[in-house]
Amino acid sequence: MSTAPETATESAYCLICERENPDAAVLCAHCYAPMALIHDAIRQDREPCIISVIGDSNVGKTVYLGFLLDMLSKRAGDFEAVPKGAYSVNLQQTVIGSLQQRVFPPKTPNEADQWHWAYYQVARRAKNAAWFDLVMPDMAGEALAAEVESPKTHAVIRSLLSKTAGCLVLVDAAAAALGSSHPDLFGLKLMTYLDQMFAQKRGQRIYNPVAVVLCKADYCPQSFENPRGFAQTNLNRVWNICESRFANVEFFATSIIGALGFSSDDDGNVVPIPLHGAPRGILEPFEWILSCLE
Ligand SMILES: Nc1nc2c(ncn2[C@@H]2O[C@H](COP(=O)(O)OP(=O)(O)O)[C@@H](O)[C@H]2O)c(=O)[nH]1
Ligand SMILES: [Mg+2]
Ligand SMILES: [Zn+2]
């Protein structure tokens, strides 16, 4: 954990990129991460415990995060969640607001300064329960893809993941079920990248909890019954690297849509219309990660 040197009473060091910022800054001027992460952890005298969400472009990260945050802030599953700053509520608002209008939320921009860094402090509603820092930069998949292809293009992603205690890896189960090898191959790249980031000693398996989340499971309901079996069949490369390198991995199916309709936009492209929201399997991966870290 980075702490400010004794002399610097008027500056603080960003937890993610470790660069200096004025003490009063709300967002880091360099990587736009929430500065409350460092201030609150120091004030509460505890180590930050970061959980992050990653996945390819278009797998459903924004939608998933929006629903997870909304459920947490409504105290679902006996959690207590405190949003830190208006920017944390924005993501949730965009997602829930869009779906009420029966459209999917707009795509996340690629520039780091337009990412939604959502920061929630989460704890179970029990006496003396530990607090967790749910820090989720709703990053564009392209940025992640660029970093995974050639490490250090997006240093922020690297430093975030190196400080991450647990990770949710989202994969497009609908595309995988249709026979596309892309979700499996991209997932394999992500897992390889995580393997390098988390490795303590060469050859040792990774103990950080990793939840592989099978998104858009409404397209392939069989994944709800048996997520592990689904992954082994349709995401075999991911399954294999998990078996050989990750000691703490679990598979979950997720969907936020009860029924889809289809329409076409002005250019004649088919666009899916979410007719009604029916979130399923949203909290489970998150709960599982917490139970591993507690
Ligand atoms: N059927 C279905 N489609 C989804 C679901 N979640 C996301 N999608 C689709 O995936 C697209 C991309 O979602 P988004 O969250 O923006 O992906 P991101 O690029 O990973 O942030 C949406 O526009 C929807 O068309 C889901 O649970 N079910
Ligand atoms: Mg997005
Ligand atoms: Zn920073």
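A residue is buried if 20 or more other C-beta atoms, placed from the backbone, lie within 10 Å of its own, exposed if 12 or fewer, and partly exposed in between. This is a predicted model: local features need pLDDT of at least 70, side-chain atom pairs count only at pLDDT 80 or more, and totals for chains, interfaces and linings use all residues. Residues are numbered from 1 along each chain as its sequence is written, with chains lettered from A and ligands numbered from 1 in written order.

**View 1. The largest nonpolar core.** A nonpolar core is a set of buried Ala, Val, Leu, Ile, Met, Phe, Trp, Tyr and Cys residues joined through C-beta atoms within 7 Å. The largest has 86 residues. Val-169, Val-171, Ala-173, Val-212 and Leu-214 touch the most other members. Helix α2 gives the most to this core, 7 residues. Domain 1 (1-48) and domain 2 (49-293) each provide at least three residues; the bounds come from an automatic or database domain assignment.

View 2. The shell around ligand 1. Shell residues have a C-beta atom within 6 Å of the ligand. There are 22, and Gly-60, Lys-61, Thr-62, Val-63 and Phe-104 are the closest. They divide into 10 nonpolar, 8 polar and 4 charged, with Gly counted as polar. Both α2 (61-73) and β10 (255-264) supply at least two residues. The largest share, 4 residues, comes from β10. Helices (H or I, at least four residues) and strands (E, at least two) are DSSP runs, numbered from the N terminus.

**View 3. Asp-138 in strand β6.** Asp-138 lies in β6 (residues 132-138). Asp-138 counts as buried because it has 22 C-beta neighbours inside 10 Å.
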